[in-house]
Amino acid sequence: MQRRNHKPDPYVFFGIAHLNRCARIEMSSNELNTQLNLHLIHLTDMKDFVDCELKGLEHSKDLLKTEIKSVERKEKLVRRRKEKLKLEQQEFQSLKGRADEAEETIELCVGGAPITTTRSILCKVPGSLLEVMFSGEIRIKRMHDGRYFLDRDPVLFRYVLDYLESNHIDLPVDDKALAFSIKNELEYFKIDLIDAETTLLTSTWVNTETLGGHDDIVMCLKLLDKNTLLSGGKDKTMKMWDLPTGACTRVFHGHASSVRHIKTLLPDRLITGSHDKTLKVWNKDTGEELMTLTGHTDYVMCIKVLTAENLILSGSNDCMVKVWNLTTGKCERSFQAHTSGVSCIRLVGDTLYSGSDDKTIKVWDFRNAVCTKTLVGHSQYVMTLKVRGNYLFSGSWDKTIKQWDLNTGSCLRTLEGHGQGIYALKLAGNTIVSCSGDNSLKIWRTDTGECVQTLIGHRRHVMSLTLAKNKIFSGSSDKTIRVWEP
């Protein structure tokens with residue numbers, strides 16, 4: 001059988017090829033659709049990201065606008081504050097000028113006696129005759145030597161000036177005629193006398209404020225005026241306090257040991273005595289140390305200022321009393337006052353009174369350094385002295401206060417009640433305030449010896465005190481200063 005040749009049908013071939021191409025095209029289309037879908041998803045994600053970024057930028061734009069507005073407000077506030085500060089600086093300069101004028105030293109000739117004070121002291125009481133005379137409201141003629149003449153009794157005027165400087169006055173209890181004359185002199189100058197004695201005796205005193213700032217014992221206090229208090233501490237500093245606010249406004253650094261005693265030197269000087277054996281003179285307004293007096297060989301315990309003679313007296317644990325020239329800073333003379341440390345001194349006229357660790361009180365002719373009398377009666381250190389007319393009051397570490405008759409040298413009365421030694425005394429009429437190592441202060445009647453009130457508040461020894469109008473200030477080993485008011 002003959003085999004037939006079979007030729008493929010070209011139409012079938014092309015049909016199959018077409019089908020294959022269609023299948024491949026369909027597959028490519030599906031892949032393309034898949035890729036397009038993926039790209040679409042990616043673009044959608046990118047759009048969401050861009051939208052989110054745009055929102056973030058809009059938010060940042062809003063924050064930036066807010067910051068710009070805040071900066072603009074702050075800039076306006078700074079400009080206003082700058083303008084206010086400029087006005088305050090102008091006002092400060094004006095006040096400083098007036099303050100400098102107020103601190104001007106005034107040289108007086110009162111009944112022939114030379115007296116030096118400041119304009120601020122003389123103008124202290126508004127409406128007083130002295131304020132009218134020296135505030136510039138009227139013109140006062142000076143003498144040929146530049147001093148202002150006042151036709152008044154110098155002794156009485158000195159009481160008036162002391163009252164203006166210290167805010168309290170000790171009226172003589174043994175000389176009613178002199179006390180009456182002093183009151184008349186105050187009345188003449190239109191200065192009201194606040195009776196501190198009556199306030200002390202009739203009021204109940206309470207602790208109204210506590211000042212803290214010292215790092216150790218508060219050893220001494222000095223009232224400059226009704227708004228300013230000075231304190232000296234075992235922390236080697238002297239601090240200045242603004243009483244209306246209770247803030248410490250200045251700290252005086254310089255001593256190498258405890259600041260034991262503070263006194264004022266008119267018009268803008270302070271002097272301190274220290275356990276570092278020196279005395280230092282300071283500028284009250286700047287805190288600058290101006291002078292150091294050296295010569296004692298032990299603690300400087302007490303100071304007395306003789307303003308008219310430009311002299312300083314100091315008593316020390318080296319048993320000596322020294323007299324210093326404030327102009328030169330040199331010791332002019334010294335004498336051994338006791339056989340043990342000198343803890344306190346008082347000067348009345350030319351009579352010096354000294355108390356000592358040797359348990360005695362000595363009365364001296366100051367000009368000649370001659371001891372005229374020795375008072376014996378205390379059984380421990382004599383820590384503090386106060387003189388009133390013919391009477392002397394002494395406080396001792398034997399826990400007692402003694403009243404002495406200076407004419408006879410005899411002890412008239414002993415006040416007992418404290419449980420530890422007496423550190424300091426202050427007098428106001430027939431009233432005495434004491435502070436003690438028993439952590440208390442006591443108010444006494446000197447005419448009867450009766451204790452009328454005990455002030456409790458400090459946690460340790462009460463080392464120092466001072467009086468003002470309607471206020472008592474006390475410093476303590478508990479590192480605080482307490483303010484007591486009726």
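The following exercises, each with a worked solution, concern the predicted model shown above.

Residues are numbered from 1 along each chain as its sequence is written, and side-chain values use heavy atoms, with hydrogens and water left out. Because the model is predicted, local features need pLDDT of at least 70 and side-chain atom pairs count only at pLDDT 80 or more, whereas totals for chains, interfaces and linings use all residues.

**Exercise 1. Overview and confidence**

State how many helices and strands the protein chain has, and where confidence is lowest and highest.

*Solution.* Step 1: helices (H or I, at least four residues) and strands (E, at least two) are DSSP runs, numbered from the N terminus. The protein chain has six helices and 31 strands.

Step 1: buried means under 20% relative accessible area, exposed over 50%, and partly exposed in between (1.4 Å probe, protein chains only). Of the 486 residues in the protein chain, 41% are buried.

Step 2: pLDDT is the predictor's confidence in each residue, from 0 to 100. The protein chain has a mean pLDDT of 86, and 86% of its residues reach 70 or more. Confidence is lowest in helix H6 (residues 196-202), with a mean of 67, and highest in strand S7 (residues 238-242), at 97.

Step 3: over residues 96-102, pLDDT stays under 50. With contact meaning heavy atoms within 4.5 Å, the model has four contacts for this stretch beyond four places in sequence. Where pLDDT is low, the predicted coordinates should not be read in detail.

**Exercise 2. The faces of helix H5**

Determine which residues of H5 are buried, and which are exposed.

*Solution.* Step 1: helix H5 covers residues 176-188, 13 residues in total. From its first C-alpha to its last it reaches 18 Å, close to the 18 Å expected at 1.5 Å a residue; the expected span is 1.5 Å times one less than the number of residues.

Step 1: the buried residues of H5 are Ala-179, Ile-182, Glu-185 and Leu-186. Viewed down the axis of H5, the buried residues fall within an arc of 120 degrees, so they line one face of the helix. The arc is that of the directions from the helix axis to the C-beta atoms. An α-helix has 3.6 residues a turn, so residues three or four places apart point the same way.

Step 2: Lys-176, Ala-177, Phe-180 and Glu-187 are exposed on the other side of H5. After H5 comes Lys-190, with a positive phi near 60 degrees.

**Exercise 3. The surroundings of strand S26**

Decide whether the residues of strand S26 are buried or exposed, and identify the strands that pair with it.

*Solution.* Step 1: six of the six residues of S26 (residues 431-436) are buried, so this strand is largely enclosed by the rest of the structure. Thr-431, Val-433 and Cys-435 point one way, while Ile-432, Ser-434 and Ser-436 point the other way.

Step 1: two strands pair if DSSP finds at least two bridges between them. Strand S25 (residues 422-428) is joined to S26 by six bridges and runs antiparallel to it, with Ala-424 opposite Cys-435. S25 and S26 form a hairpin with two residues between them, and Gly-429 in the turn has a positive phi of about 65 degrees.

Step 2: S26 also pairs with strand S27 (residues 440-445), in the antiparallel sense and over five bridges. The bridge partner of Ile-432 in S27 is Trp-444. Three residues separate S26 and S27 in their hairpin, where Asn-439 in the turn has a positive phi of about 75 degrees.

**Exercise 4. An open sheet**

*Solution.* Step 1: four strands form an open sheet in the order S17-S18-S19-S20, with antiparallel pairing.

Step 1: from one strand to the next, the twist averages 20 degrees. Axes are lines fitted to C-alpha atoms, for helices over the stretch in contact, and angles run from 0 to 180 degrees between N-to-C directions.

Step 2: six bridges join S17 to the antiparallel strand S18 (residues 351-356). Arg-346 has Tyr-353 in S18 as its bridge partner.
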